[in-house]
Amino acid sequence: MNNKNNSKEAITKTIRKSAPAILTALIATALGLLSLYISPVPMIQDFGKMLTIGMIVSFIVALLILLPVLFVRDYFFHIENKKKKTKKSNKFENIMNKITKTVLKFKYIILVLAIGSAALGVYYDQKVGVETDIETFMPQDTQELLDIRELREIIGSTEQLSIVYSSYDIYTDDNLDWIVDITNNLQSEFPDEIIKVKSISSVLNQLTTEHLTPNLVTNLTKNLPAEQLKMLVNEDATKGVIIVSINDLESDELETFIENLKIYLDNSITNMDVTVTGQAVIDVEMITALTTGRYTITLVGMALVFIGLLIIYRNPLKAIIPLIPISLIVGWSGAIMYLYDLKYTPLTATLGAMIIGIGTEYTILIMERYFEEKQKTIYTNDAIVITLSKMGKPIIVSALTTIGGFSALVISDFEILSNFGIMTLVNISLALLSTIIVMPAVLSIQGSIVSLFHRKKV
Amino acid sequence: MLEKIAKLVTKYPMKMIFVGVVIFLVLLVGITKVELKTGNETLIQTDTSEYIDNFNYQTEFGSDPIIVLYKGDGYNDLFTVENMAYMNELEEKLSYYDEIFTINSPVSLVKEFAGKSADQYETALLELSNGLEDVSVNLQTMSELLASNANTDDIDTTLNQLTIAVNSMIDGQENLGIGVTNLISSYATFSTQILTVTDSITIVINDLSTDPSLNDQVTMLTTANNQLISMANQMSTISNDSQALPMITTNTIAGLQNIILGLTGMIDNQVLVTSQIAMLSDNLSMIASNLHLMSTNLLMIHDNFNVLTSSIPTEQSTLDMMIYDETGEVRSTFESFTIDEEYMMFLVILDGEVSNEIKGNIIDTIKESLEEQGLADITLVSGKPVLDMSIKTAMMDSMQSMMGLSALIMIGVLLIVFRVKWRLLPLGIILVAVIATIGIMGWLNIGLTLVSMAVFPVLIGLGIDYAIQFQSRYTEELAGGSNNE
């Protein structure tokens, strides 16, 4: 039966022709996402890991489940071909045809404009701020958020740092003097940041005004409630803590304060081991790691994709072409963030790597098809126009579905998520734009360079 | 390679789908193994000094506090017996959580005080008992002495000594009376509680005894239960016996005071009638035996003292004695739990790295308890752990609805832009892939974090591409192929 042969042939052709291109796109995407793995934040590493696994699984499922399902459908159940569809897609192909021809006419201008604006974007991207206050990420009318603000209003602070000191015996004369000294002087040293300092000495000073000596401390602590004492000194009296209540600071202010506090403690004279710790230190550490590493992650992502493509194609030109239109997006996206006064959050900081992963997929599909078409025609521009008119639709569909998935994020009442959603939408639209407008120009110029080479060689 | 796959697909499509379903089911099992990770290990790497410092610190001193704030109008309105009882109830409910490092509140201070005075009380009881016994013996001797030496000249000195002894006894009796009243009620409650337990045990024993194979266990249980019952009865007896104790002390005090009066009169008059002395002797002897009885009772109370836990005062005056110092100021240790005489704090400090589930349970327990006590309106439960928890749960909820929403949007997008047969197939395929991915994460032990929750919409958006590409190319090839144009 003709239908059966048709489906068989279609499956074989589909696998032979599009599997390599899609696989290459997958590898590029996975490599881009893999750059998230160099992030010092385990949460982001897991994000990268999970996305990579998810993409690979999606590919395998599409290849080994979707195609058999389609094949079974058409092979065993006869279905008539619709003719309507082709007409419509012809219309669309005509539009793509025209766009691409126009682009090719102005390819140099387009390329210069694109690169120029991207460079400008990278410049302004440096000025984009970073939002690190976790409380701004969540829905602002959350009851718990209102509660903690009220609490902060009442007791002055909910944030605290802990200065841990340890020694074989913390109740020696020298050590006690140090504890008293730090407890009493810290607040006057950092009046803007510190609200209250609590330690074993501040508690004991409520009981006595005398100078604290080891004997006195040992006697007095016997009368302190064990539950209270436990928070300040451990049972063996080898470790103690000075609890520092601080104002609600932004991450960068907090970071500076912690640095200064460490310096101040380093300069104090004691033989004890002193460390500054607490949840606030962890939070600061994470947020700086998240936001400062974003250029490195993006660059590593580009490098990985390039190397991956180089290995696949064994051709530096083919490895660099898909990257050109996409790397421009990093600049444009920065410019948009600057123009709309958006701030980077821990999530948007990973966008660079993500858009390289996502965007190269489009450009790779175009390039692959272009080289496929190039086999059939000697004219570079013809090949480009055919490629764009054939591939334009699947790529737009693909971009639209991606946008469809991400747009759910935009609606989230979590600002960090909606912000991330908006920026991914912007970036994917830019990727689509760059693929349709910049990619043909790049391919065409590449074509002329290659043919120039050949002519010289011959 | 590609040819092989193509052959596989065209030759054994049904088998491939079947194998796919089997693998999918295996991965599905993995979903149950997926862990939700939200601890510090998801924020910074575990080998950094910041992580290690914080970890050590939290193991030693616990993590950030959950703060319960009680609102009130001045100290008088805050440090009330009722509030202490509420706080105590809350503290007892929380005591079941091993994950709580410590609870710091005015009531724990009160208990600490009560515990200390209970210690002192215990010692005092023993001393009192011994002292009473001594006095009793002395009185007895004196009584005998009086009876035999009714005519001695140095009766003055004896009488004087007697007066002093009796006076100090009166003091002792008064002290005793106050303490004993508190003790008795605790005993009675405790006894009733034990009896309730033994009742239930008896029911269990009856159930069990029908099964002959459990004979040994039943016997053991019965013995243990009998011991409990006898202990409870004993305590109940003590309590009942002691009911009279405050009365006895009052009576004794009155009696002693009469004797003093009598003695003083006697000294003044210097007129001693032998019969009067004999009567006095009898009286003294009676008091002596009374005192001996009391001493024995007190000793019994002392022996059972350790079964009593220190409880919080039920009288405002007793509580005030603990809260305020001699000058009427709030003691500084209590003051540190208040803010502007308007709020009182109850702090719950958790151990480091407590799982979200437990953290949520603890917070719920606190809120439910406040609700039951009718304090929800005048209290505030907050602190970093509470905020963190709410962020986490809200994010999870948000993610779930977002995943559903992105699937819905995707249906719309596919219906509009993807005009081929079975256009929704790619969505089904990608949902299978997403679920399989979660399963793989479970098998590979990669935890779900807050950020990876954002993966699902992203994955749906990105992964669907592959399915669309394959399907659209296939449709294109089926329609005549690209070569024909």
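Two residues are in contact here if their C-beta atoms, placed from the backbone, lie within 7 Å. The model in these close-ups is predicted, so to speak of local features we need pLDDT of at least 70, while side-chain atom pairs count only at pLDDT 80 or more and totals for chains, interfaces and linings use all residues. Residues are numbered from 1 along each chain as its sequence is written, and chains are lettered from A and ligands numbered from 1 in the order in which they are written.

**View 1. Helices α14 and α15 of chain B pack against each other.** Helices (H or I, at least four residues) and strands (E, at least two) are DSSP runs, numbered from the N terminus. Helix α14 (residues 425–444) and helix α15 (residues 455–478) of chain B meet at an angle of about 130°, and their axes are 8 Å apart. Axes are lines fitted to C-alpha atoms, for helices over the stretch in contact, and angles run from 0 to 180 degrees between N-to-C directions. The pair α14(B) and α15(B) is therefore oblique; angles under 35 degrees count as roughly parallel, over 145 as roughly antiparallel, 65 to 115 as roughly perpendicular and the rest as oblique. Ala, Val, Leu, Ile, Met, Phe, Trp, Tyr, Cys and Pro count as nonpolar, Asp, Glu, Lys and Arg as charged, and the others, Gly among them, as polar.

**View 2. Chain A meets chain B, with V57(A) as a guide.** The contact draws 103 residues from chain A and 102 residues from chain B. On the chain A side, helix α2 (residues 42–76) gives the most, with 28 residues. That side of chain A divides into 57 nonpolar, 27 polar and 19 charged residues. Look for V57(A) in helix α2 of chain A: leaving aside residues up to four places away in sequence, V57(A) touches A433(B), A436(B), T437(B) and I440(B). V57(A) counts as buried because it has 23 C-beta neighbours inside 10 Å. The cut-offs are 20 or more other C-beta atoms within 10 Å for buried, 12 or fewer for exposed, and partly exposed in between.

**View 3. Strand β4 of chain B pairs with β1, β2 and β3 of that chain.** Two strands pair if DSSP finds at least two bridges between them. Strand β4 (residues 343–350) of chain B is mostly covered, with 6 of its 8 residues buried. Strand β1 (residues 65–71) of chain B is joined to β4(B) by 7 bridges, antiparallel, and I66(B) has V348(B) as its bridge partner. Strand β2 (residues 100–104) of chain B pairs with β4(B) over 4 bridges in the antiparallel sense, where T102(B) partners I349(B).

**View 4. An open sheet of 4 strands lies in chain A.** The strand order is β2-β3-β1-β4, with antiparallel pairing. Its edge strands, β2 (194–198) and β4 (273–277) of chain A, each pair on one side only. Neighbouring strands are turned by 20° against each other on average, direction ignored.
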